[in-house]
Each structure stands twice: as C-alpha cells, then as structure tokens.
Amino acid sequence: MQNSITPSPLYIEKVYDRLLEAITSGDLKPGERVRQSVLADRLGVSRQPISHALQLLRHQGLVRDAGKQGVEVSPVNPDYIVHLYRARVSLEASASAMAAQRMKEGLASADDISGLNEAVQLGISAMKLNAPLSVLVKADFRFHMAIYRLSGNPAIEQMMAGQWPHLMRSMMAVLNDPGVPVRAWQEHQAIAEHILNGNVDDAFHSATRHIERAGRDLNRRLNEGIGSVT
C-alpha cells in the first residue's frame, strides 16, 4: 500500500478504498493480521477511520476477528464463490441482453458505449502484454461493470459491485494459468460485439456460456488447491 492519505473529511472512505484495494490485489493476503496502529501510522490517519473502515470490511466478510490480535484478512470461501458464480449466470446474461436491447433501440448513452469499448481494449492490451494478475483482475472487473452500466439496470450494478471484491480475490487463483486470460478476453470480446451490434439473443447466450465456463474453471482450480485462496 502507498503511504499517506491526503487529509480530507472523507477519511473513512479513503481508508476503506485503500484497504479494499490491498485485499483484492493480494497485497494483504488471507490470514494476514491487520493492526490498526500500524495502518494508522502507514496511512497517516487516526485509528477512528481505520476502525470504521474495518467494520465495513468485516460486514462484507473480507476481514474477521482474530482475538486479541485484532482482525485478519478472511480466507476465500470456495463454497461461497461457487454459489456466487451460479448466481452470476442469470445476472450477467440478463445484463448483457438488456445492454444489447438498449443498443438495438438506440437508448444507450455515448459514455456507456465508450466505457464498454475502452474496457475491452484495455483488457485485451493487458492480456497481450502479460500484465500482472492484479491488473488482469481489475480489467475483468472493469469490463463487467461496463456491461452492468450499459444495461441501464442500476440494481444489477449495485448488487454485483458488492460481490466483486470476493470475485477478484478468487480470480487471483485462476488467472495465473496463461491460457485463462486469453480465453476470457476472447469471450469478452465476443460478448461486447454482440451487445454493441444489438444482438440480444447472442449476447445473452455468449454471456451465459462465458460465466458457466469461468465457474467450471474456478471450481476445478479450487478443488485442485491451486493458488493462494485460503
């Protein structure tokens, strides 16, 4: 984590964002102790915003109590991730179909269309450059968030935004297979093309296949015990 947060009334949000970034990127690993005094010194804030930020992270299941030692980063829960991917199949497919329908009817904003195009371009570039895992995972997050936004359904965007920290942590265990990012971005590109061309059914089915495939890959890797997920 970088040092020093510029003084601001939004201390809690800034501290929360910094800790969330450290957890999802693997800078703070599962089981690692999180000491308020150390964080306060490192970030240049008092313990109060640290405490509030940790409460938010605890509510999300990203940190847990560790007795007298304070809190620690929670392990990735493989069962929860499997269930989350099953839920994603319906949500992602619906969001993709909604986005394609909005394109077909000319209802999508220029900003949202640009957001999806940029997400695809950045992701493919990161994949081709063999970018670090944390960069690939962020690119994946950006791509799917662009679809949620283009769908015009804020409920899907809000629901999934709260789940992506868990997804990002689990994906760190899968994307270290060189073939996975290539396959993922080929599928992402196909989904985006169907959406931008207004092909509603194709967008729905491509997203369904993508999430089902990604879920199977992740489940296999978790069962094999590959990656730092515990």
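Reply: First, a salt bridge here is a side-chain nitrogen of Lys or Arg within 4 Å of a carboxyl oxygen of Asp or Glu. By that rule the count comes to nine salt bridges, in what is a predicted model. Let's look at helix α9.

Helix α9 runs over residues 179-196, so to speak 18 residues reaching 26 Å from first C-alpha to last, close to the 26 Å expected. Its buried residues are Val180, Pro181, Ala184, Trp185, His188, Ile191, Ala192 and Ile195. These cover an arc of only 120 degrees around the axis, so they sit on the same side of α9. Among the elements covering them are α4, α5, α6 and α10.

Take Ile195: among the 45 residues of the largest nonpolar core, Ile195 is one of those touching the most other members, along with Tyr85, Leu116, Phe143 and Trp164. Beyond its sequence neighbours within four places, Ile195 is in contact with residues including Ser96, Met103, Leu116, Ile147 and Ala203.

Arg183 in α9 pairs with Asp217 in α10, 34 residues apart, with the closest N and O atoms 2.9 Å apart. Arg183 is partly exposed at 30%, whereas Asp217 is buried at 11%. Glu187, also in α9, links to Arg213 in α10, 26 residues apart, and here the closest N and O atoms are 2.7 Å apart. Arg213 counts as buried, at 10% relative accessibility. Together, Arg183, Glu187, Arg213 and Asp217 are linked in a network of salt bridges.

Just after α9 comes Gly198, which takes a positive phi of about 75 degrees.

How values were computed. Residues are numbered from 1 along each chain as its sequence is written. This is a predicted model: local features need pLDDT of at least 70, side-chain atom pairs count only at pLDDT 80 or more; totals for chains, interfaces and linings use all residues. Side-chain values use heavy atoms; hydrogens and water are left out. Helices (H or I, at least four residues) and strands (E, at least two) are DSSP runs, numbered from the N terminus. The expected span of a helix is 1.5 Å times one less than its number of residues. Buried means under 20% relative accessible area, exposed over 50%, partly exposed in between (1.4 Å probe, protein chains only). The arc is that of the directions from the helix axis to the C-beta atoms. Contact means heavy atoms within 4.5 Å. A nonpolar core is a set of buried Ala, Val, Leu, Ile, Met, Phe, Trp, Tyr and Cys residues joined through side-chain atoms within 4.5 Å.
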